Amino acid sequence: VMRELQTLGVHAWLDYTAGRDPADRDRYRGELLQGELGMRTSRYSDPAPRNAAMRDAYRALIARMFELAGLAPDRARRDADRVFEVETALAAGSPSRGDFDPRQAEHPMTPDALRALAPHVDWTALLAQIGHPAGRTLNVQSPSYVQALDRVLAGRSLDDLRAALRWRLLDELADALPVRLADERFRFHAEPGRHRPARPEECRLATLKGLGVELSRQFVGPALGADGRAAATRVAAGLQAPIAARIAAASWLSADARAATAERVRKLDLKLGYPDHWPETGSFPVRRDTYFDNVMAARAFEQAQTWRRARSAWHRADWEMIVYPNEADGMAAARLMIPNGYPDLASNSIILTAAELEPPVFDLAAPLEVQYGTLGTLVGHETSHVLDIYEFDADGVMRDIWPPRDVEALTARRACVIAQADRFAVSATAHVDGTFTVEENVADLSGVGFAYAALAGELGDRMSLRGDDGYTPAQRFFIAYAQQFCVAQTPEAAEQDLHSDPHGPNRFRIDGPLANLPEFAAAFGCRAGAAMVRPAAERCQVW
């Protein structure tokens, strides 16, 4: 049953995917990841009262959904306890998200070694189903998790395992199931005050995900087009010179670290909008009368594509890397109708989908200063992440390019950003966690600085010329940046975000970085001592 679920993209207990092979950089390889769990790993054991309450609520959710799926109430409660015990055992062997280190996730092994590591898993049948070449190594990201799974399979009853597999099916497919099940799961995971999207909106997103490459190909022409991509690329490329200058001036880094970081930026590939060469579309049956069957067919098709990719060649220009953030995991070239932007470390590139390059992020008709205030700051934000991740080189090879003293220097410069965020209050009782949000806060601060420097380099003295609207280009840059973060949010949702979103609250993403920039104060004539003007001794700057 576990193997059958894998074919549907339901990653019960295990997830075999494709990743770039460090031993053969021009090929993908098979990678074995841990399967999905219903909660964040740390919540299964953290004794904090909030997590204890979350565990109780999670058990209740499982029982309710089992009952709604047809089990008698007593049986549903017993099976919920079984599921929770199995998942707790698996979580004990899982690295938490916060502890994940790509340098510690390299454990290539042969299928025979995998059988020795976990003899109670039928690896022969599973790898044959996947199509993994006999005798070829695969990378096991977490051997401790695989061993924990082996102990579960050896020590738990069949009833326990059946219940755990039933729950994986219900949990991962809830959005495609009858509304009574979908609503229960949404209530558990939703932020306070948020309502479940209307069913047509859920179906729309499922269609975008399911029809993938071909729908993306049809979308990008009218949505962005060659002219739009060229203009967006011009803005993104405009940041490279000021970023290179900031790296060269980073005296807190050693000469070797500066040189390696500059090389990463020099070779950085900006993948904007859509690929030059599209992957094959493929096909699967789609019916008019059964939504669930269509979802299943689409999931099976995409899972088969992922397994084939693990046996294929790797090309840097491809858009076949897997997108994880935002609304829909899956191959980047099949997600271009979904707004998304992120750095891909294995190809040393930054990817912005065509849907991301729409207003307010990018408007072809907007003045240059507005384009830099929106798209430019986004590209700067993502490039800042590239600069900070010192575990990959300019060719996407995983190796430390900074010596330890430079890592310590980065940590020291981040301390200022952490302290500022810690003081930012969302309510009378809740503050931002500066350590949790530091990477995104540094990227916001750096991204605005990079983009402003790029714009000033292009406009020169024209930055202070007042237009017919009464604003200067410098002012319009900062207004455009701030308007990206307009949001309507309940206080409860804002506090919930503090625990789940590594970005700072939207107001802090505006006020935090801009108060550190003397260019902002100069643009609006802010005097010393104003709320948005930090004294020079208190300003943060990483890059």
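**View 1. F485 sits in the loop between α17 (473-483) and α18 (491-500).** Helices here (H or I, at least four residues) and strands (E, at least two) are DSSP runs, numbered from the N terminus. This is a predicted model, where local features need pLDDT of at least 70 and side-chain atom pairs count only at pLDDT 80 or more, while totals for chains, interfaces and linings use all residues. Residues are numbered from 1 along each chain as its sequence is written, and side-chain values use heavy atoms, with hydrogens and water left out. So is F485 buried or exposed? With a relative accessible area of 12%, F485 counts as buried, a word that means under 20% relative accessible area, with exposed being over 50% and partly exposed in between (1.4 Å probe, protein chains only). Setting aside residues up to four places away in sequence, F485 touches N506, R509 and I510; contact means heavy atoms within 4.5 Å. F485 and N506 are 21 residues apart along the chain, yet their C-alpha atoms are separated by 5.5 Å.

**View 2. Helix α19 (506-514) packs against several other helices.** Its buried residues are F508, R509, I510, G512, P513 and L514. Which elements do they pack against? The list is α14, α15, α16, α17 and α20 (518-524).

**View 3. The largest cavity holds about 80 Å³ of space.** A cavity is a set of points on a 1 Å grid over the protein atoms alone where a 1.4 Å probe fits but cannot get out, and lining residues have an atom within 4 Å of a point. Grid points are joined across faces, edges and corners, and a volume is the space filled by probe spheres set on the points. Searching the whole structure turns up 2 cavities of 30 Å³ or more. Around the largest one you'll find V417, Q420, N441, D444, L445, F508, G512, P513, N516 and C540. At least two lining residues come from each of α15 (404-422), α16 (438-459) and α19. The lining splits into 5 nonpolar, 4 polar and 1 charged, where Ala, Val, Leu, Ile, Met, Phe, Trp, Tyr, Cys and Pro count as nonpolar, Asp, Glu, Lys and Arg as charged, and the others, Gly among them, as polar.

**View 4. The second largest cavity has a volume of about 40 Å³.** Its lining is made of A236, L239, Q240, I243, V265, L268, L270, V379 and T383. Helices α11 (240-248) and α14 (368-388) are the elements that give two or more residues to this lining. By type, the count is 7 nonpolar, 2 polar and no charged.

**View 5. R196 lies in the loop between α8 (179-189) and α9 (199-223).** This arginine is buried, with a relative accessible area of 17%.

Definitions and conventions:
1 Å grid on protein atoms, 1.4 Å probe; cavity = no way out; pocket = protein on both sides within 12 Å on 5 of 7 lines; lining within 4 Å.
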